[in-house]
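Here is a friendly tour of one chain, with the sequence and the fold side by side. Please keep both in view as you read.

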Amino acid sequence: MSVVQTLQQAAENRRSVYALNKNLPVNKEEVVKIVEHAVKHTPSAFNSQSTRFVVLFGAEHEKLWDITIAELRKIVPAENFQATEDKLNMFKAAAGSVLFFEDENVVKGLQEQFPAYAAGFPVWAGHSDAMSQYAIWTALAAVNVGANLQHYTPIIDAEVAKTWNLPANWKMSAQLVFGGITEPAGDKSFAPVEDRLKVYGL
């Protein structure tokens, strides 16, 4: 298999897997190495390197989802909350979470340094953040670690920052839940490629 085929196979294996447990097929250190690689090698506009990461395992991971349950309980109607709590407990049953943030001080610094591009920097920071999420998610899939991406920001932001003593300038964007795979993802449907891709000059 060529390098391209290997990369493409890894991309195909990356799916949203929700039935997760705490039995990782690799050790925790391997997960951290995967995140570290993304920290170093994910591209960013102007080489800003503005994305920040927090990796939570075990009780720290469970604490994240207890926070999410508590915060959502404040805003979700009581009659609808059981379904919400069941969903969040499903995430809590996984082995860990990777939290993604953007350092707003870096973004603001670039806006001040290059005012002509000021409007673009928050957008470009988001691009780098998303590439980091994809890189980590795909690499986890390559070692048979299941994952799914969640977005409970800004509801949980204040409590997360307080609990883990994070800088005020770190703005959270997403939470990647990961763990051992209890049930694989189901079949995936695809819209016609010809409706989504145009090629000229071939």
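How exposed is Val 143, by relative accessibility? Val 143 counts as partly exposed, because its relative accessibility is 25%; on this scale buried means under 20% relative accessible area, exposed means over 50%, and partly exposed is in between, using a 1.4 Å probe and protein chains only. Before going further, please note that this is a predicted model, where local features need pLDDT of at least 70, side-chain atom pairs count only at pLDDT 80 or more, and totals for chains, interfaces and linings use all residues. Residues are numbered from 1 along each chain as its sequence is written, and side-chain values use heavy atoms, with hydrogens and water left out.

**Overall layout**

- UniProt, in an unreviewed entry, places the feature "domain: Nitroreductase" at residues 12-179; its positions are given in the numbering used here, feature names are shortened, and annotations may be inferred rather than shown by experiment.
- Over residues 12-179, the chain is 50% helix and 19% strand. Helices (H or I, at least four residues) and strands (E, at least two) are DSSP runs, numbered from the N terminus.
- The end C-alpha atoms of that 12-179 stretch are 18 Å apart.

**The loop between H6 and E4**

- Val 143 sits in the loop between H6 and E4.
- Val 143 and Pro 25 are 118 residues apart in sequence, yet their C-alpha atoms are 7.5 Å apart in space.
- Leaving aside neighbours within four places in sequence, Val 143 is in contact (heavy atoms within 4.5 Å) with Pro 25, Val 26 and Ile 34.
- Asn 144 belongs to the loop between helix H6 (120-142) and E4, and its phi is near 65°, a positive value in a residue other than glycine.
- Asn 144 counts as exposed because its relative accessible area is 55%.

**Other backbone features**

- Gln 49 is not a glycine either, yet its phi is positive, at about 50°.
- You will find Gln 49 in the loop between helix H2 (28-41) and strand E2 (51-57), where its relative accessibility of 47% makes it partly exposed.
- Thr 153 and Pro 154 are joined by a cis peptide bond, with omega of about 5°.
- Pro 154 lies in the loop that runs between strand E4 (146-150) and helix H7 (157-163).

**Nonpolar cores**

- The largest nonpolar core has 23 residues, and among these Leu 64, Leu 99 and Val 160 touch the most other members. Such a core is a set of buried Ala, Val, Leu, Ile, Met, Phe, Trp, Tyr and Cys residues joined through side-chain atoms within 4.5 Å.
- At least two residues of this core come from each of E2, helix H3 (58-73), helix H4 (81-92), E3 and strand E5 (170-181).
- H3 gives the largest share of this core, five residues.
- Leu 99 touches residues including Phe 53, Leu 64, Val 160 and Met 172, not counting residues up to four places away in sequence.
- A second, separate core of 19 residues includes Trp 137, Ala 147, Leu 149 and Phe 178.

**Salt bridges**

- The structure holds six salt bridges, each a side-chain nitrogen of Lys or Arg within 4 Å of a carboxyl oxygen of Asp or Glu.
- Lys 22 and Glu 62 meet in one of them, at 3.1 Å from N to O. This pair links distant parts of the chain, 40 residues apart: Lys 22 is in the loop between strand E1 (20-21) and H2, and Glu 62 is in helix H3.
- Lys 63 and Glu 60 form another, with the closest N and O atoms 3.2 Å apart. Both lie in helix H3, three residues apart, about one turn of the helix.
- Glu 85 pairs with Arg 73, the closest N and O atoms being 3.5 Å apart.
- Glu 85 counts as buried, at 19% relative accessibility, whereas Arg 73 is partly exposed, at 46%.

- Glu 102 is found in strand E3 (residues 96-103).
- Glu 102 is buried yet has no salt bridge, and the nearest side chain of opposite charge, Arg 52, is 6.8 Å away.
- The side chain of Glu 102 does make a polar contact with the side chain of Thr 51, at 2.6 Å. A polar contact is a pair of N or O atoms within 3.5 Å; within protein, one must be able to donate a hydrogen and the other to accept it, and residues adjacent in sequence count only if both atoms are side-chain atoms.

Notes
Lys, Arg positive; Asp, Glu negative; His and termini not counted.
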